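Here are a few notes to go with the model. Keep it open while you read them.

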Amino acid sequence: MSRPTPLRDVHETLGATLTDFAGWLMPLRYGSESAEHKTVREAAGLFDLSHMGEIFVTGPQAGQALDYALVGHLSALAPGRARYTMIVNERGGVLDDLIVYRLEDEQFMVVANASNYEKVGNELKNRAKAYDAVVEDRSDQYALIAVQGPRSQEILATLTDADLAGLKYYAGLPGLVDGRQALIARTGYTGEDGFELFVANQDAVPLWHALMAAGEPHGLKPAGLSSRDTLRLEAGMPLYGNELGPELTPFDAGLGRVVKFDKPGDFVGRSALEAVKDDQPRRRLVGLVARGRRVPRHGYPVTRDGVVVGEVTSGAPSQSLGRPIAMAYVDAGADSGLAVDIRGSHEPMDLVELPFYRRNK
Amino acid sequence: MSNIPDELNYTKEHEWVAGLDDGITVTVGITAFAAEALGDVVFVQLPEVGSTVEAGESIGEVESTKSVSEIYTPVGGEVVEVNQAVVDDPSLANSDPYGDGWMFRVRVEGDPEDLLSPEEYAALTAGES
């Protein structure tokens with residue numbers, strides 16, 4: 001039985017198609033997912049992301065504990081700023097990708113994927129034992145509502161006095177939104193400008209309604225996980241379980257830049273990652289654009305001259321390109337003459353560098 | 001509850017069949033239930049006109065943003081027409097599944113697969129939704 005978010009009744013009233021996602025009952029789409037995708041690119045979409053996990057790390061050594069537990073240099077993060085980072089195992093394999101917000105000098109919030117946050121919380125507790133820091137999984141207390149798209153700031157500005165214009169990408173500040181206490185973060189997973197609002201569960205429904213009302217004149221519509229997936233795919237953003245997993249290091253995924261070897265002290269996975277950091281990975285993560293209309297999907301083989309040279313990790317029809325796109329791990333050097341084996345038929349693909357879509361800033 | 005027109009027959013694979021009564025050609029499409037379950041249809045592949053098909057055979061596919069499904073023919077015979085409009089604009093399968101979103105026509109030879117009445121199909125989809 002899937003867990004509902006605090007917004008479940010709202011989704012049902014809106015006629016959402018609900019689906020199980022990582023044990024949560026989530027809105028897949030409200031109407032047409034293509035229309036929702038377009039709305040986020042052109043105006044703004046409202047997402048319920050309450051399935052994400054929020055783990056708080058608090059104490060005089062919270063920063064050092066995270067430096068040891070994660071691959072990033074979190075003690076160097078200024079209060080009010082956020083970082084994209086990862087937690088890896090001793091072999092350097094990715095356990096999850098994370099956004100860490102430094103809320104105060106001695107308090108961080110680690111946002112983990114729905115499928116992983118219990119594991120991440122437990123790992124953080126173990127890894128922080130030697131430090132003067134307390135790890136607390138507060139995922140059950142928080143809802144997360146995201147406003148994503150070019151009109152996001154205008155919409156949110158009608159409900160808060162917080163300095164949104166001064167809030168940089170990957171920054172977050174506490175503030176009142178529609179009179180409710182929220183952490184307002186300028187982060188997202190769509191390739192557009194946007195905000196993520198972390199609020200107490202009981203504030204989720206009234207905040208949702210306030211945002212819908214404030215956004216309506218700006219074209220805001222609710223958007224489900226289906227459009228979120230095609231939006232992040234166009235933006236070339238990895239999804240844990242597709243592009244990332246315990247058999248891959250951050251270097252395998254082309255994200256070696258998140259590993260900060262120059263931070264002080266040891267960290268879990270350091271020796272394993274140092275051993276591979278200068279290796280040429282056997283495969284690299286690339287973009288594929290289909291010449292035809294059939295869609296490459298997760299797990300389909302990438303071929304060249306009939307020989308398997310890679311595997312698709314995510315694929316979908318792309319509205320922004322008008323053709324199907326995919327992310328795939330492909331053998332180094334296999335840059336042309338590629339195809340994807342789509343249920344027995346080898347469909348030609350052009351290799352492109354990621355991302356597929358970049359917004360105009 | 002999806003729209004299930006009274007005048008059609010249905011299959012367990014969520015297709016509809018029209019024109020059985022004239023005994024010559026039938027028209028086949030996917031049901032509103034199927035279209036809703038798929039989400040936005042982005043690609044439709046249909047058989048060649050003139051090809052001979054057997055009842056129960058997979059003869060095409062329907063792809064949406066999230067998934068792909070095969071199209072089965074519930075009747076055997078010769079494919080006499082395919083809907084080029086739905087190939088060119090697959091969203092017709094969502095917007096008008098029983099009308100402009102029809103898929104193909106077959107000149108029937110032999111007996112069709114076991115088809116469902118509207119009532120039987122309603123019971124089937126009630127169990128799945």
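1. Start with how chain A divides up: its domain assignment (automatic or from a database) gives domain 1 at 1-279 and domain 2 at 281-361. The C-alpha centres of domain 1 and domain 2 of chain A are 27 Å apart. Their contact takes 20 residues from domain 1 of chain A and 18 residues from domain 2 of chain A; residues count as in contact if their C-beta atoms, placed from the backbone, lie within 7 Å.

2. Keep in mind that this is a predicted model, where local features need pLDDT of at least 70, side-chain atom pairs count only at pLDDT 80 or more, and totals for chains, interfaces and linings use all residues. Residues are numbered from 1 along each chain as its sequence is written, and chains are lettered from A and ligands numbered from 1 in the order in which they are written.

3. Now for the side of domain 1 of chain A that touches domain 2 of chain A: α2 (33-42) and α7 (225-234) of chain A each supply at least two residues to that side. Helices here are DSSP runs of H or I, at least four residues, and strands are E runs of at least two, numbered from the N terminus.

4. What about the two chains? Eleven residues of chain A are in contact with seven residues of chain B. On the side of chain A that touches chain B, α2, α7 and β17 (307-317) of chain A are the elements giving two or more residues.

Note on methods. Contact = placed C-beta atoms within 7 Å.
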